[in-house]
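This report looks at selected side-chain and helix contacts in the model shown here.

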Amino acid sequence: MNPRRITCLLGAGAVIEIGGPTTQQITDDVRDAWTSNNVPNCITNNLTGNFEQQFHLLETLSSFSQGTYNPATEILQPKCVFRNVEWRELKLACNILLGTIGRRINEYNCSWGTASQNDWFRKFWRKLASNAKLDIITLNYDTCIEQCLSAFDDGFSERICVEDLNSRYGYRFHPEKLQNSKKNKVMHLHGCINYGMGGLLGCNKYEFNDSFYDLYKYNSYEEASRHWFGHSNPSTQAGEELYTGAIITGLRKTEKILDNPYMSYHYEFQYALRHNKSLLIIGYSNSDEYINAELMRMKQYHGNKCRIVVISYMPDNVRTNWNSDPHRRKWPEENTYYMLSHLMGREVARLLASNNIPEKDVIDSEDGCVKWYLCGFQTAIKRYKKDIIKFLTSISVF
């Protein structure tokens, strides 16, 4: 008999209640870091949006400033305020942004596990893993999930020297090890603070087997971050510069997951959705189109034999001032509504038009395949942990 496996997708909302920073907090930290490191005012004062949007703009500007041929430069030019920004200044702003994210994530990654109020998080993952094997795809940069599980595979296994000069070692990624594993799998599809580039050319025996941009896993953020900067960047087919590495951010993620482990993680994610009938989505904002395109096909893959749990959070102001008109309510956002409509059908519109939605913690689909929790991860687990696990494991593996 095939062992039961559950696909789990974790967004930023899965770790906010254990101390993970919000998008706005990281955006504010980045702006402060730019100011204290003398990044030109034309960058700090004119880049709008959150840190991911700002990073995308910096990458785009960099494409106009560096040597790689970009056809767009034949007809497009940056706004006047950015026209005289030098490439090294854009590079500085990008590196500071990535470094700020790494330091902020590492701070809470080292401390969350010692707080007793976070026991609910740890106990849930251990309990779920005792009922089924897990294919965990996390979009977060921390190692909180790894700290919860006693046994897992992430594809990194062989310890090799990546830099002779300083006797530095890292773990090389083996796709076949992950693919053939029967254990829980933990896959950081958008990067991890413990990932880093290899070292100097000539000391890595796999330098001609692997891509130059393949990543290694290190024992700590301190070790990994030494390998974050100082290397060249790849370009898209259109000649646009890409900042890849341990942190995948910005708005060009699909072009940044073409090296390992990301390429293999993306394959494993697709494979898991196609073969696992149970899916758990926690704190995902539906902002990545390539992920949405896969999630919304669960019913196509499995029909009414699937079991899907979506855990999100209805903001207090929406719950208090509920309006059945979606144009006035502005919740859920369009991408989330679109995905839910594929999973729950046309009844989503009917359910959200109801006046008693604010009184509910959970909405069940009419076909019994989907449970949508509106109360946030911690509340959902404290009130409904047994129900969630029972529901996800209630379907036959065949």
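## Surroundings of Arg-172

Leaving aside residues up to four places away in sequence, Arg-172 touches Gly-155, Phe-156, Ser-157, Glu-158, Ile-160, Tyr-206, Asn-209, Asp-210 and Tyr-216, where contact means heavy atoms within 4.5 Å. Arg-172 is placed in strand 4 (residues 168-173), and with a relative accessible area of 11% Arg-172 is buried; buried means under 20% relative accessible area, exposed over 50% and partly exposed in between, for a 1.4 Å probe and protein chains only. Helices (H or I, at least four residues) and strands (E, at least two) are DSSP runs, numbered from the N terminus.

The model is predicted, so local features need pLDDT of at least 70 and side-chain atom pairs count only at pLDDT 80 or more, whereas totals for chains, interfaces and linings use all residues. Residues are numbered from 1 along each chain as its sequence is written, and side-chain values use heavy atoms, with hydrogens and water left out.

## Aromatic pairs

Rings of Phe, Tyr and Trp (its six-membered ring) pair if their centres lie within 6.5 Å, with planes under 30 degrees apart counted as stacked, over 60 as edge-to-face and the rest as tilted. By this rule there are 19 aromatic pairs. In one of them, the rings of Phe-124 and Phe-377 have centres 5.8 Å apart and planes at 85°, so the pair is edge-to-face. Because Phe-124 lies in helix 5 (residues 119-131) and Phe-377 in helix 16 (residues 377-392), the pair ties together parts that are 253 residues apart in sequence. Phe-124 is buried at a relative accessible area of 0%, and Phe-377 is buried at 3%.

Tyr-373 and Tyr-384 form a tilted pair, 5.5 Å centre to centre with 45° between the planes. Tyr-373 belongs to strand 11 (residues 370-373) and Tyr-384 to helix 16, eleven residues apart. Ring pairs also link Trp-112, Trp-120, Phe-121, Phe-124, Trp-125 and Phe-377 into a cluster.

## Charges over rings

A charge sits over a ring if NZ of Lys or CZ of Arg is within 6 Å of the ring centre and within 35 degrees of the ring normal. The charged end of Arg-159 sits over the ring of Tyr-169, 4.3 Å from its centre, and that of Lys-371 sits over the ring of Phe-391, 5.4 Å from its centre.

## Packing of helices 1 and 4

Helix 1 (residues 23-36) and helix 4 (residues 87-111) pack at an angle of about 130°, their axes being 9 Å apart. Axes are lines fitted to C-alpha atoms, for helices over the stretch in contact, and angles run from 0 to 180 degrees between N-to-C directions. Helix 1 and helix 4 are therefore oblique to each other, since angles under 35 degrees count as roughly parallel, over 145 as roughly antiparallel, 65 to 115 as roughly perpendicular and the rest as oblique.
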